[in-house]
Amino acid sequence: MVGFDIALLPVLRELAERGSVTAVAAATHRTPSAVSQQLRTLQRQAGVPLVERVGRGVRLTADGRALADMATGVATALATVESAWSEHLAGVSGTVDLAVFPSAAELLLPGLLTRMREHPGIVLELSDVDVSEGEFAPLTADHDVVIGHRPDGARRLDGAVETVALLREPLDVALPLDHPLADRERVGIEDVVDETWIGVPEDYPIDRVLIAMAAASDTPPSVAFRTIHLPVIENLVAAGHGIALVPRYTSGTRAAGRFRLATLADVRAGRRIEALTRPDRAVRPAVRTVLEALVAEARAVTT
């Protein structure tokens with residue numbers, strides 16, 4: 001690859017992650033024609049087709065995907081050098097963009113912000129996100145750190161996204177105070193599967209657990225309402241409109257006098273909360289510092 005310009009590799013990597021020239025152009029503040037020109041230049045230098053036309057768009061060829069994977073390694077190596085030099089000159093500093101879904105923010109954010117007071121050179125920018133399980137990893141293209149979650153048993157992400165385990169949060173059954181099962185510490189699937197449920201949107205991690213319960217009992221769940229907002233779910237349960245699967249540590253702080261939490265027997269029900277980041281961002285000292293603070297805070301809330 002004589003004359004191969006590694007400065008053009010990021011556009012190929014962005015195409016692999018974002019899927020279209022238009023999306024790459026919007027994310028990188030270029031015109032689509034400029035992105036297409038860079039792709040043609042890179043393809044000419046590589047000596048093999050990197051993209052192929054599909055309908056009105058393009059997709060990576062096998063060689064294109066291989067080179068896009070290599071681009072991640074190149075970006076990580078360059079970021080390592082840049083970060084080490086920056087740390088040498090000015091210490092740990094910089095801006096870290098953290099995207100977090102609401103119930104994880106409720107659980108982790110207050111303590112995280114307290115811990116970050118020890119690092120005045122780091123500016124933490126926060127973004128609220130609440131998406132389905134498969135949509136957390138793509139957010140790492142636009143955020144330094146993304147806090148996502150997945151149900152027990154779901155495959156851990158691999159590839160171009162690094163995953164830092166934070167905590168496992170058990171899921172309990174939330175019951176109205178006057179529910180016949182409200183005095184029980186544990187309930188089985190058969191005890192609750194026929195109940196009216198307050199749920200989260202389909203394909204969200206907690207919904208996967210409810211589907212697994214239904215499959216184990218061969219009984220489809222009756223979901224009266226679905227919402228992404230945990231406090232709304234809790235309020236509906238407290239008002240007697242159904243029961244729900246809720247995260248133990250988060251909802252437990254609001255349960256007293258409003259609703260009861262019962263451990264779910266017969267199934268290991270929980271969600272894994274994780275921090276996701278691109279490898280080239282993970283090597284930045286400021287990002288590493290935020291990840292370490294997140295791990296410490298997650299350990300604190302579960303002990």
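This is a predicted model: local features need pLDDT of at least 70, side-chain atom pairs count only at pLDDT 80 or more; totals for chains, interfaces and linings use all residues.

I looked for cavities first. The search gives 1 cavity of 30 Å³ or more. The largest cavity holds about 50 Å³ of space. Which elements each supply at least two residues of its lining? I found E8, H7 and strand E10 (244–247). I then listed the residues around the largest cavity: Trp197, Ile198, Gly199, Val200, Ile206, Asp207, Leu210, Ala244 and Leu245. By type, this lining splits into 7 nonpolar, 1 polar and 1 charged.

**Entry 1: the open space.** In the largest pocket I read about 270 Å³ of space. It is lined by 14 residues, and Val21, Ser36, Arg53, Gly57 and Val58 are the closest to its centre. Helix H2 (21–28), helix H3 (32–46), strand E1 (51–54) and strand E2 (57–60) each give at least two residues to the lining of the largest pocket. H3 has the largest share of that lining, with 5 residues. I sorted the pocket lining by type as well: 5 nonpolar, 5 polar and 4 charged.

**Entry 2: the cores.** I recalled that nonpolar side chains tend to be buried together in soluble globular proteins. So where do they gather in this model? The largest nonpolar core has 35 residues. Within this core, Val96, Leu112, Val145, Ile147, Leu166, Ile273 and Leu294 touch the most other members. Several elements each supply at least two of the core's residues, among them strand E3 (94–100), helix H5 (102–116), strand E6 (162–176) and helix H11 (285–301).

Leaving out residues up to four places away in sequence, Val145 touches Val96, Asp97, Leu98, Ala99, Ala275, Leu276, Val287, Leu291 and Leu294. A second, separate core has 29 residues, including Val187, Val192, Tyr204 and Leu230.

**Entry 3: the charged pairs.** Side chains of opposite charge can pair when their charged atoms come close. How many salt bridges does a search of the whole structure find? I noted 22.

I started with Glu14 and Arg278, whose closest N and O atoms are 3.4 Å apart. This pair links distant parts of the chain, 264 residues apart: Glu14 sits in helix H1 (residues 9–18), and Arg278 in the loop between E12 and helix H10 (279–282). Are the two buried or exposed? Both Glu14 and Arg278 are buried. They also belong to a network of salt bridges that links Arg13, Glu14, Glu17, Arg18, Asp142, Arg278 and Asp280.

Then I checked Glu52 and Arg59. They form a salt bridge with closest N and O atoms 2.8 Å apart. Glu52 has 33% relative accessibility, so I put it down as partly exposed. Arg59 is partly exposed because its relative accessibility is 47%.

My last pair was Glu202 and Arg226, a salt bridge at 4.0 Å between the closest N and O atoms. Glu202 lies in the loop between strand E8 (196–199) and helix H7 (205–217), and Arg226 lies in strand E9 (residues 222–226), so the pair ties together parts that are 24 residues apart in sequence. Why does Glu202 count as exposed? Its relative accessibility is 55%, and exposed means over 50%. Arg226, at 36%, counts as partly exposed.

Conventions
Residues are numbered from 1 along each chain as its sequence is written. Side-chain values use heavy atoms; hydrogens and water are left out. A nonpolar core is a set of buried Ala, Val, Leu, Ile, Met, Phe, Trp, Tyr and Cys residues joined through side-chain atoms within 4.5 Å. Buried means under 20% relative accessible area, exposed over 50%, partly exposed in between (1.4 Å probe, protein chains only). Helices (H or I, at least four residues) and strands (E, at least two) are DSSP runs, numbered from the N terminus. Contact means heavy atoms within 4.5 Å. A salt bridge is a side-chain nitrogen of Lys or Arg within 4 Å of a carboxyl oxygen of Asp or Glu. On a 1 Å grid over the protein atoms alone, a cavity is a set of points where a 1.4 Å probe fits but cannot get out, and a pocket is an open set with protein on both sides within 12 Å along at least five of seven lines; lining residues have an atom within 4 Å of a point. Grid points are joined across faces, edges and corners, and a volume is the space filled by probe spheres set on the points. Ala, Val, Leu, Ile, Met, Phe, Trp, Tyr, Cys and Pro count as nonpolar, Asp, Glu, Lys and Arg as charged, and the others, Gly among them, as polar.
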